[in-house]
Amino acid sequence: MDTEKNLRRMPIEYLWDGLILEDDIFNYNGSVLLIPRGEIVTTSKLKKLSNFSVDEKYVMVCEECYYNILSNKNIPNKIRQKITENQSGYTELKQNVGGIFHKAADNKWFHNDEIEPVIQQISEKLNDMDPIVIFSCINFPRPMDEGLQRHSLNVAFLNGMMGEWLNLSQEDIRLLVMSGLLHDIGKTKIPEEILNAPRKLTKEEFAIVQRHPVYSYEMLENGFDERVRLTARHHHEKINGKGYPDKLVGDEISLFARITAVSDIYDAMVSKRSYKEGKLSLNVFDSFYEQKYDGLDMDLVMIFLKNMRRNFLNKKVVMSDTKIGEIMYIPPNDCAHPIVQTDEFIKQTDEQWFCKEIISEI
Ligand SMILES: [Fe+2]
């Protein structure tokens with residue numbers, strides 16, 4: 001054992017089947033060599049590692065080895081995502097949101113004051129982090145069991161960004177973030193077998209799901225700002241009056257509710273697995289531009305798109321042929337096909353050559 005090297009913790013979940021180790025892996029206190037350098041990590045070895053560290057699911061590796069693994073270009077997408085979410089603090093936030101939602105689901109009384117620390121954490125991330133890191137966390141298909149907490153957190157982030165883009169006051173942004181976080185809390189009252197049914201819902205079941213905005217409104221009666229409550233109630237209203245539950249029209253729907261409707265649809269669309277088959281979420285922007293989502297406030301949609309395009313501009317991307325490129329221009333009416341520059345050429349992407357992943361540095 002090389003005692004000169006500085007060892008550091010590494011979650012076992014960052015290792016994958018097929019990884020060739022450039023250095024030794026030790027147990028949690030660095031005293032036992034578990035896998036020596038040069039060996040290939042296999043599924044059975046990973047299982048053994050997990051069994052070996054009962055409570056703490058991590059091993060010790062030298063600093064260099066840690067960074068080599070994190071920057072390995074064969075790292076599976078799922079693990080890269082996990083690393084981004086852990087390092088950005090998204091994982092911790094998601095767990096905090098989960099705590100609030102479980103309390104709500106268990107019919108336990110919850111109050112405005114309990115939400116404040118989470119809102120504070122989200123606001124700090126919005127101020128400190130490159131939005132593209134937040135998008136890396138948002139734009140990922142979610143496991144069914146954490147659908148609601150992920151969605152709620154994502155809408156909170158998107159609402160916060162929209163608040164900034166609209167130059168709202170800090171107090172308004174705080175309430176807008178809270179509105180995003182809690183808009184769907186009423187879904188905790190909908191039976192899970194209906195909410196997560198992997199099939200088309202019956203008319204009766206759909207009517208039950210449609211009660212969630214009113215449930216959210218009712219659940220937020222303990223000291224929550226009326227604007228937060230009304231956003232929860234009205235985030236499924238449509239400008240054309242065809243929404244629910246109150247069939248409001250145009251400006252009768254509050255600004256917060258109209259913003260939340262845009263964030264809600266964006267997050268729902270990017271989380272769909274069909275969009276994740278290797279392509280960036282840029283094609284979702286086109287659906288907004290083409291007004292495929294009925295009843296949204298188009299002035300807000302245009303502000304959303306303009307700023308989204310700005311955020312993706314000049315970002316480094318991994319292309320479908322594994323080349324690294326930079327997004328040079330995103331056509332407003334054809335976001336799915338940005339112009340990308342690589343070391344060798346500059347050209348517009350198409351169905352054969354497209355952006356697969358943004359390279360986000362935390
Ligand atoms: Fe909803």
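Modeller: Helices (H or I, at least four residues) and strands (E, at least two) are DSSP runs, numbered from the N terminus. By that numbering, asparagine 314 sits in the loop between α15 (298-312) and β5 (316-319). The model is predicted: local features need pLDDT of at least 70, side-chain atom pairs count only at pLDDT 80 or more, and totals for chains, interfaces and linings use all residues. Residues are numbered from 1 along each chain as its sequence is written.

Colleague: What makes the phi of asparagine 314 worth noting, and why is asparagine 314 called exposed?

Modeller: Its phi is positive, about 65 degrees, although asparagine 314 is not a glycine. A residue is buried if 20 or more other C-beta atoms, placed from the backbone, lie within 10 Å of its own, exposed if 12 or fewer, and partly exposed in between. Asparagine 314 has 11 other C-beta atoms within 10 Å and is therefore exposed.

Colleague: Why is asparagine 167 called exposed?

Modeller: Asparagine 167 has 8 other C-beta atoms within 10 Å, so the term exposed applies. This residue lies in the loop between α7 (147-165) and α8 (170-182), and its phi, near 55 degrees, is positive in a residue other than glycine.

Colleague: How do you know that the span of helix α3 agrees with its number of residues?

Modeller: The expected span is 1.5 Å times one less than the number of residues. For the 12 residues of α3 (residues 77-88) that gives 16 Å, and the end C-alpha atoms are 16 Å apart, so the two agree. Just after α3, glycine 89 takes a positive phi of about 90 degrees.

Colleague: Why are α4 and α5 called roughly antiparallel?

Modeller: Axes are lines fitted to C-alpha atoms, for helices over the stretch in contact, and angles run from 0 to 180 degrees between N-to-C directions. Angles under 35 degrees count as roughly parallel, over 145 as roughly antiparallel, 65 to 115 as roughly perpendicular and the rest as oblique. Helix α4 (residues 90-105) and helix α5 (residues 112-128) pack at about 160 degrees, with axes 11 Å apart; they are therefore roughly antiparallel.

Colleague: Where is aspartate 106 found, and what makes it exposed?

Modeller: Aspartate 106 belongs to the loop between α4 and α5. With 9 other C-beta atoms within 10 Å, aspartate 106 is exposed. From valine 59, aspartate 106 is 47 residues away in sequence and 36 Å away in space, C-alpha to C-alpha.
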